[in-house]
Amino acid sequence: MHLYKYREFSLNHIQAITNNELWFSVGSTFNDPFDSQPPMALYSTDSLFESMRRNAKFDAMNDLVLRAWAEAFLNTPKRSEANVWDVIEKSIVRWSTGSFIHCLSRTNENILMWSHYANFHKGFCVRYKLDKLLSNLDLLTHGPVQCENESKDILKMLDVNTFLDVDARYNQKIKEIVISILMQKAKDWEYEEEYRIILNELSASANELSKCVVHSTDAIDGIFFGVNSTERDRAFLKDSLKDRDIEFYAMKKHELDFKLVPHPYITQSE
């Protein structure tokens with residue numbers, strides 16, 4: 001499977017390619033203010049009601065009474081005995097805001113992505129082999145981002161047994177919730193066809209916003225140059241990678257459709 005990264009012709013981006021660097025960042029540095037912090041509630045009337053209905057000690061109560069209790073609980077100021085929710089909330093926030101994420105795309109032909117992330121089509125796009133990229137990485141998860149506008153209801157994602165085994169089931173459930181948060185974006189971002197790789201570690205402090213991992217040289221097997229990239233930039237990058245098994249292409253506009261088409265790239269001196 002191939003994945004793609006849109007880049008500008010800047011010193012940092014070129015060095016990342018030539019040095020086989022993969023940079024991971026925390027969500028607060030991304031261009032989406034909801035990234036890693038989507039709308040969510042610890043519980044709602046519905047999830048409280050459903051949780052109580054699943055609990056055997058409420059079997060004798062009818063649904064109207066249980067729902068009234070759930071509504072009353074939501075309208076009651078937060079109490080100190082509810083500190084279990086403080087622990088859950090802090091755990092989720094710590095993992096979701098402190099996780100290191102690398103974002104790629106499943107396509108290299110998106111016109112908007114070339115405009116937004118490759119300097120108005122003046123940059124380039126890197127093609128990675130996923131299996132080579134993931135080798136030797138300690139991951140929390142990886143996969144396609146789910147684009148949906150539904151907010152998270154944490155209690156719906158938990159079960160009663162979660163609270164009975166703090167060392168095992170609790171930690172696993174919290175990670176499952178965090179993964180669902182980190183792998184969700186609003187529907188507006190659907191066009192990016194985003195794929196995320198998330199490390200199984202957290203930033204050590206609020207000041208540690210990124211982390212570099214070196215991948216194998218053979219993880220990159222293709223470079224695509226933007227429609228508006230210059231011959232000078234193309235030739236420079238190709239020469240910088242001349243000893244590696246990489247295919248080079250130049251993107252061109254389709255003659256009849258709003259599409260970008262890759263063509264094999266040969267420098268003028270070849």
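Colleague: What should I know before I read the values?

Modeller: This is a predicted model: local features need pLDDT of at least 70, side-chain atom pairs count only at pLDDT 80 or more, and totals for chains, interfaces and linings use all residues. Residues are numbered from 1 along each chain as its sequence is written, and side-chain values use heavy atoms, with hydrogens and water left out.

Colleague: Why is Glu 194 called buried?

Modeller: Buried means under 20% relative accessible area, exposed over 50%, and partly exposed in between, with a 1.4 Å probe and protein chains only. Glu 194 has 7% relative accessibility, so it counts as buried.

Colleague: What makes Lys 185 and Arg 196 count as buried?

Modeller: The same cut-off. Lys 185 is at 6%, so it is buried. Arg 196 is at 0%, so it is buried too.

Colleague: How do you know that Glu 194 and Lys 185 form a salt bridge?

Modeller: A salt bridge is a side-chain nitrogen of Lys or Arg within 4 Å of a carboxyl oxygen of Asp or Glu. For Glu 194 and Lys 185, N to O is 3.0 Å. That meets the rule.

Colleague: Which other pairs pass, with what distances?

Modeller: Glu 192 and Lys 185 do, with their closest N and O atoms 3.6 Å apart. Both of these residues are buried. Arg 196 and Glu 194 also form a salt bridge, at 2.5 Å between the closest N and O atoms. Shared partners join Asp 35, Lys 185, Glu 192, Glu 194 and Arg 196 into one network. The whole structure has 12 salt bridges.

Colleague: How many disulfides are there?

Modeller: A disulfide is a pair of cysteine sulfur atoms within 2.5 Å. By that rule the count is zero.

Colleague: Why are Cys 103 and Cys 212 classed as they are?

Modeller: Cys 103 has 19% relative accessibility, so it counts as buried. Cys 212 has a relative accessible area of 30%, so it is partly exposed.

Colleague: What makes β12 a partner of β5 and of β13?

Modeller: Two strands pair if DSSP finds at least two bridges between them. β5 and β12 have five, in the antiparallel sense. Cys 125 has Phe 224 as its bridge partner in β12. β12 and β13 (residues 247–253) have four, in the parallel sense. Phe 225 stands opposite Ala 250 in β13.

Colleague: How is the β12 to β13 crossover described?

Modeller: The chain crosses from β12 through α9 to β13, and this β-α-β crossover is right-handed. With the strands pointing away from the viewer, right-handed means that the path from the first strand over the helix to the second runs clockwise.

Key. Helix = DSSP H or I, 4+ residues; strand = E, 2+ residues; numbered from the N terminus.
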